[in-house]
Amino acid sequence: MKLIIAIIQDEYINKVIKVLMDNKIRTTKLSSTGGFLKSGNTTLFIGVKENEVDRVVELIREQCKSKNVKTENDEVTVGGANLFIIDIDRHIKI
Ligand code: 2BA
């Protein structure tokens, strides 16, 4: 099993959640804040079988895109989604 930790910019979150629900992908949604820009984003925990990872990544990719944001003295490219995919030893539901 894999855990996808997906940090999604707030403007895309409703579309991402909808597409995950439509595809029967389970998710847990946490409110989060970027350390650098200090603006709101949303972190999703998505537990999936290994063979479902690519499909979930594509579903998210179809909904999100990066954009340039001006800061005080600079401009940064903020990813619409930043994904971290990690191995899970076990999932226990009690
Ligand atoms: P923020 O930390 O608010 O970062 C927003 C954007 O600012 C980043 O976009 C990046 O382009 C830039 N940035 C971040 N830290 C920087 C630094 N120390 N110096 C210069 N520029 C910097 P993304 O990389 O697409 O990240 C979007 C959001 O995803 C981040 O919001 C953060 O909440 C999360 N994130 C990205 N990479 C992460 C990581 N390695 N670990 C944890 N969270 C991460």
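This is a short tour of a predicted model, one selection at a time.

**Stop 1: the whole chain**

The chain has 2 helices and 6 strands. Starting at the N terminus, the elements follow the order β-α-β-β-α-β-β-β. The C-alpha trace spans about 50 × 25 × 20 Å along its principal axes.

**Stop 2: the residues around the ligand**

How many residues surround the ligand? The shell has 13 residues, and the closest are F36, L37, T77, G79 and N82. By class, the shell consists of 6 nonpolar residues, 7 polar residues and no charged ones.

Now colour the strands that take part. Strands β1 (2-9), β5 (75-78) and β6 (81-87) each give at least two residues to the shell around the ligand. Which element supplies the largest share of the shell? That element is β5, with 3 residues.

**Stop 3: oxygen atoms of the ligand**

- From F36, a backbone N or O atom lies 2.9 Å from a ligand oxygen atom.
- From L37, a backbone N or O atom lies 2.8 Å from a ligand oxygen atom.
- From N41, a polar side-chain atom lies 3.0 Å from a ligand oxygen atom.

Taken on its own, the ligand has 740 Å² of accessible area, and the protein covers 54% of this.

**Stop 4: the largest pocket**

Hide the ligand and turn to the pockets. The largest pocket has a volume of about 360 Å³. Its lining is made of 17 residues, and those closest to the pocket centre are M1, R26, G47, V48 and H91.

Strands β1 and β3 (40-48) each contribute at least two residues to the lining of the largest pocket. Which element gives the most to this lining? The answer is β3, with 4 residues. By class, the lining of the largest pocket holds 7 nonpolar, 4 polar and 6 charged residues.

**Stop 5: the second largest pocket**

Select Q9, L37, S39, N41 and V78, which lie nearest the centre of the second largest pocket. This pocket holds about 250 Å³ of space and is lined by 15 residues. Two residues from the ligand stop come up again here: L37 and N41 are among those nearest the centre of this pocket, and each also has an atom listed above with its distance to a ligand oxygen, 2.8 Å for L37 and 3.0 Å for N41.

Elements β1, α1 (10-22) and β4 (67-70) each supply at least two residues of the lining of the second largest pocket. The lining divides into 5 nonpolar, 7 polar and 3 charged residues.

**Stop 6: a salt bridge**

Finally, select E11 and K67 and show their side chains. These side chains form a salt bridge, with a distance of 2.8 Å from N to O. Which elements does the pair link? E11 belongs to helix α1 and K67 to strand β4, so to speak distant parts of the chain, 56 residues apart. A search of the whole structure finds 5 salt bridges, and the E11 and K67 pair is a salt bridge to display.

Terms used. Residues are numbered from 1 along each chain as its sequence is written. This is a predicted model: local features need pLDDT of at least 70, side-chain atom pairs count only at pLDDT 80 or more; totals for chains, interfaces and linings use all residues. Side-chain values use heavy atoms; hydrogens and water are left out. A residue is near a molecule or strand if one of its heavy atoms lies within 4 Å of it. A polar contact is a pair of N or O atoms within 3.5 Å; within protein, one must be able to donate a hydrogen and the other to accept it, and residues adjacent in sequence count only if both atoms are side-chain atoms. Accessible areas come from the Shrake-Rupley method with a 1.4 Å probe; for residues, only the protein chains shown count as cover. Ala, Val, Leu, Ile, Met, Phe, Trp, Tyr, Cys and Pro count as nonpolar, Asp, Glu, Lys and Arg as charged, and the others, Gly among them, as polar. On a 1 Å grid over the protein atoms alone, a cavity is a set of points where a 1.4 Å probe fits but cannot get out, and a pocket is an open set with protein on both sides within 12 Å along at least five of seven lines; lining residues have an atom within 4 Å of a point. Grid points are joined across faces, edges and corners, and a volume is the space filled by probe spheres set on the points. A salt bridge is a side-chain nitrogen of Lys or Arg within 4 Å of a carboxyl oxygen of Asp or Glu.
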